Amino acid sequence: MAKGIGYRTGALQRQKNSAPRRKLGELLVETGLLKKEKLAEVLKIQAETGKRLGEILIEMKTISEEEMAFALAMQLKIPYIDLYDYPIPANVVESIPREVARRFICVPIELNENILNVAMADPLDLNTIKDLQFMTGYNIQPSISTPTQIINALQQHFDPGKTLDQVASKLEGDEDLVEFLPDQDVVEEEERVEEFKNSPFIKMVDLIIRNAIKKGASDVHIEALENQVRVRNRVDGVLQDSIKLPKWTQPIIVSRIKVLGGMDISVKRLPQDGRIKVRSKTLSVDLRVSTLPTYYGEKVVIRILNKDESFLSLTELGFGDKSRKVVGNFIKQPQGMVLFTGPTGSGKTSSLYACMQEIRSDEVNIVTVEDPVEYELSGINQVQINEKVGLTFPFILRSILRQDPNVIMIGEIRDMETAEISLQASLTGHLVLSTLHTNDAPSAVTRLIDIGMPPYLIASAILGVVAQRLVRTICTDCKESYIPDPRDLSRLNLNKEGLPFEFYHGTGCASCGNFGYQGRTVIDEVMVIGYKMRELIQASATADMLREAAMATGMTTLGISGLDRIEKGLTTLDEVLKAVHQKEELTTICPSCGKNVNLDFSDCPYCKKPLVPTCDSCGRIAQMDWLVCPYCRNDLKSKS
């Protein structure tokens, strides 16, 4: 590095009246940045190669550029300048020609009368300082910064497009150009920036969104960090790094997104929401934009709502034949309530839209109440909540009941008033579809009771409850069989010997981005509210009692559904264990017949084989891999 960070330990001796200073290595040891043993090793390398101490340390990645520059600032008693997000007036930057600044790796940062403060990578280069004084006519006051920060600052002011082009080259190209369709109230704002349509920042925002859509992402996160801007895409429910941008691009990119989303670019201390429509030759996508002020600047999250996904059927979502048939019977009823439950991101809204797709016809009046409207469906009356003007769930629901609806879809039951109106509507000749945040199907009943609904009303109104999760599916291009971790197998009461079926996973390939997964599918449990269940609900039965009764009447739990997807080779054991983490939702597999069995069972009800191993001598529970009973020293492996 000819003009890198120049760390000359004896250069100040040429300066007159300079005070004695400590050696750089000793200073690094005193500040805790370097150990004495490491210093001795580096000094030996310096004697052999003739390189500078700082250059060797940075090449070895022992310390960072910033740490070295700060240590030198302490040693030389000159200011250290952190140029990240450092405001530099344009006239000051231009006081030194661009070619000269790049050649000497320096950038002017402040002009005070006849003194020009210059951040330099090598503040001990007296010849450079003299040349700068001659060219500018100012007295040069050197400060120290890192080469990376100096180059970024010069790039920001002289050629921002090149930096973004270099970063953009990391993204995959896509010839299918997208067109942004902002709301009418931001058309004038768009016209004001029309002259900058070829700006690299506008191209960068377009490329970020286009790349996320191409990868099938559901969300884009643009996060302001201390020294950079991180862009991540959520693909199949998991955040993946996309690109990293220089810190100085953050306010410009956020402003561009705000303009597209119809938000106020001058408001930076309050959260804002916006919406963008994207159209291309092959797709039409809605974007929901949300900004949040954070410590290092505004964070932007863009939710990508692909309209193609709103037309998926229950089969395409991954529901099994049995569950799909039961849900189909639910939505064919003239009245009653069907609830879809699960945590955020479990696909509840997609299931609601799939149900409406099946029952949509010219003979049926369907009205939805959503916050916000995620997908636009033709032939369906969709109403969006707007609490600022009083359009709340209860207010709209009362109005909807006067609109002669056959089917009412409510985005989410959040409070007592919404729950009461929804239940009453389901008893008066309307089919009501809605969602609720609970972990499983039986808990939906107890959740409504906790909200304040009487048990008799719940028992009379609800037809059934569908609980669901989303798990990633194995990439078909790199799918292969494997033996899972023994700790995961032990949760299913299995060991490596005598597995009831083959387990599969993805090894990672170009098709799936080396993640081993591609796409997602549903695991579900469908609880039918029959005669016996209604009696239990009216008697205020607990969720555990409801679960036992539902399983006795044929309910397939989330755990059994997950194991079915594993047995079919659709997903991995690890994915199911992450999605179904509650003990009461997990099941075990009988090592003898391979059937799915509840964890509470001691013996398999299908083949009578014991599921929980015990000692023949003392009768205590034993681990499957034990050779001897630790209580009575009986030989366990001698059991037949």
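Reply: The account below begins with the whole chain and then turns to the sheet. The model is a predicted one. Its protein chain holds 24 helices and 21 strands, and 47% of its 640 residues count as buried. Among contacts with a separation of 6 or more, 61% are made by residues 24 or more positions apart.

The part in question is an open sheet of three strands, arranged in the order β1-β2-β3 with mixed pairing. Strands β1 (106-112) and β3 (139-144) stand at the edges and have a single partner strand each, so one side of each is left without a neighbour in the sheet. From one strand to the next, the twist averages 30°.

In general, strands of a sheet pair through backbone hydrogen bonds, in either a parallel or an antiparallel manner. Here, strand β2 (residues 115-120) and β3 run parallel and are joined by six bridges. Within this pairing, Ile115 stands opposite Asn139 of β3.

A helix accompanies the sheet. Helix α8 (residues 147-158) lies across β1 and β2, and its direction makes an angle of about 70° with β1.

The axes of α18 (residues 442-451) and α22 (residues 543-552) come within 8 Å and cross at roughly 145°, in a right-handed sense. In this contact, Pro442, Ser443, Val445 and Thr446 of α18 meet Ala543, Leu546 and Arg547 of α22. By class, four of these residues are nonpolar, two are polar and one is charged.

Notes:
Residues are numbered from 1 along each chain as its sequence is written. This is a predicted model: local features need pLDDT of at least 70, side-chain atom pairs count only at pLDDT 80 or more; totals for chains, interfaces and linings use all residues. Side-chain values use heavy atoms; hydrogens and water are left out. Helices (H or I, at least four residues) and strands (E, at least two) are DSSP runs, numbered from the N terminus. Buried means under 20% relative accessible area, exposed over 50%, partly exposed in between (1.4 Å probe, protein chains only). Contact means heavy atoms within 4.5 Å. Axes are lines fitted to C-alpha atoms, for helices over the stretch in contact, and angles run from 0 to 180 degrees between N-to-C directions. A crossing is left-handed if the near helix is turned anticlockwise from the far one by less than a right angle, and right-handed if clockwise. Ala, Val, Leu, Ile, Met, Phe, Trp, Tyr, Cys and Pro count as nonpolar, Asp, Glu, Lys and Arg as charged, and the others, Gly among them, as polar. Two strands pair if DSSP finds at least two bridges between them.
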